[in-house]
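Please read the following walk through a predicted model with the sequence and the coordinates side by side. It takes up a pair of helices, and then the strands.

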Amino acid sequence: MRIAHKYWCVIFLCFALIGLALETHAVDGKAVYQQHCATCHETAEGRTPSRAKLEGLTTEAIVQALETGVMRVIGQWSLDGPKRVAVAEYLTGKSIDPSWASEKTLACTEPLKFADDPFAAPHWNGWGVDQENSRFQPERMARLSKEDVKKLELQWAYAFPAETVMEAPPSIIDGKMLIGSRSGKVHLLDAATGCNYWSFQADASIKNAIQIQTIGVDGRLVAFFGDISGMIYSVDAKTGRLIWKIRADTHAAARIVGGFQVHDGALYAPLSSLEEGMATDPAYQCCSFRGSVLKIDAETGRVIWQSYTIEEPAISQG
């Protein structure tokens, strides 16, 4: 009896999932928590969430945080897949749902359109709004006076599934809002209604502000942003499709959190790290990361130069 190839694939996937489930349940989630998590979360201070807050999250949200989110350094450096799932299930008391996915809600019904000059309308582009990073919006651009501010009211609210914190500031251009999330999703919303035109899934959490720019001789409208795994993205703002992406640095702790600038066809991107998270491992040789700024051809993603804050590379003393 012959079985079609696609059925073999289904059978293999089922056995793989069963194997992962058995391996996960063989891991003591409490022991993983005590060894890798309790030191910070049992006596949480500042931005560190307490154990009680972790217990209120979904299992999937904790796994995501350990795999690609804010705890990626610990989750990838010190834990494997079964341990990440086990500690998440221990904290929430709920088994992970491998089919879980956030649902797209309030999709825009009207087609997406941008003006010929999208920067003529009131906008806030990137972190600093101008190339001096003044973070100042003049009244002529805001078209909002001091007297108008007290009249402002909530117009709409947009929920980010499984999210508890939003860290990426929004960029607004031509009546559209671009914003990234901890889950690594970037959303293009209608600023007037909150409906969703498109979403793009990055490899890891988005913390920096999205920079929008017209690029090339055809004036293509492009969104630039980075994630906390050190990837830099160029995405078509009209379609949400990836144009290019590059890894900014080979260091495992490299991350993008700072704002970008675009000038004369070049993208300037700052690079930082969360190497202190890796330094909690006694076997880790600290400190090897060097902060830097990259100059990138905005149209192609080619790195033109990378300037380090510390010129000399780290030398191992082991």
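**Helix packing and strand pairing**

Helices H2 and H7 are roughly perpendicular to each other, because angles of 65 to 115 degrees count as such and the angle at which H2 (residues 29-36) packs on H7 (residues 81-92) is about 100°. The axes of these two helices lie 7 Å apart. On the H2 side, the contact is made by Gly29, Lys30, Val32 and Tyr33, and on the H7 side by Lys83, Ala86, Val87, Tyr90 and Leu91. Sorted by class, the contact of H2 with H7 comprises 6 nonpolar residues, 1 polar residue and 2 charged residues.

Strand E2 is mostly covered, with 5 of its 5 residues buried. Lys176, Leu178 and Gly180 point one way from E2, while Met177 and Ile179 point the other way, and all of these residues are buried.

Strand E2 pairs in the antiparallel sense with strand E1 (residues 171-173), over 3 bridges, and isoleucine 172 stands opposite methionine 177 of E2. The two strands E1 and E2 form a hairpin that has 2 residues between them, and in its turn aspartate 174 has a positive phi of about 55°. Strand E2 also pairs with strand E3 (residues 185-190), again in the antiparallel sense but over 5 bridges, and here lysine 176 stands opposite aspartate 190 of E3. The hairpin of E2 and E3 has 4 residues between the strands, and glycine 184 within this hairpin takes a positive phi near 90°.

A further group of strands can be read as a sheet. Its 4 strands form an open sheet in the order E5-E6-E7-E8, with antiparallel pairing. Strands E5 (211-215) and E8 (242-247) stand at the edges and have a single partner strand each, so one side of each is left without a neighbour in the sheet. From one strand to the next, the twist averages 20°. Within this order, strand E6 (residues 220-226) and strand E7 (residues 231-236) run antiparallel and are joined by 5 bridges; phenylalanine 224 has serine 234 in E7 as its bridge partner.

Notes: Residues numbered from 1 in each chain as written. Predicted model: local features only at pLDDT ≥ 70, side-chain atom pairs only at ≥ 80, totals over all residues. Heavy atoms only, no water. Pairing = 2+ DSSP bridges. Axes fitted to C-alpha atoms, helices over the stretch in contact; angles between N-to-C directions. Buried < 20%, exposed > 50% of the residue type's maximum accessible area, 1.4 Å probe, protein only. Parallel < 35°, antiparallel > 145°, perpendicular 65-115°, else oblique. Contact = heavy atoms within 4.5 Å. Nonpolar A, V, L, I, M, F, W, Y, C, P; charged D, E, K, R; others polar.
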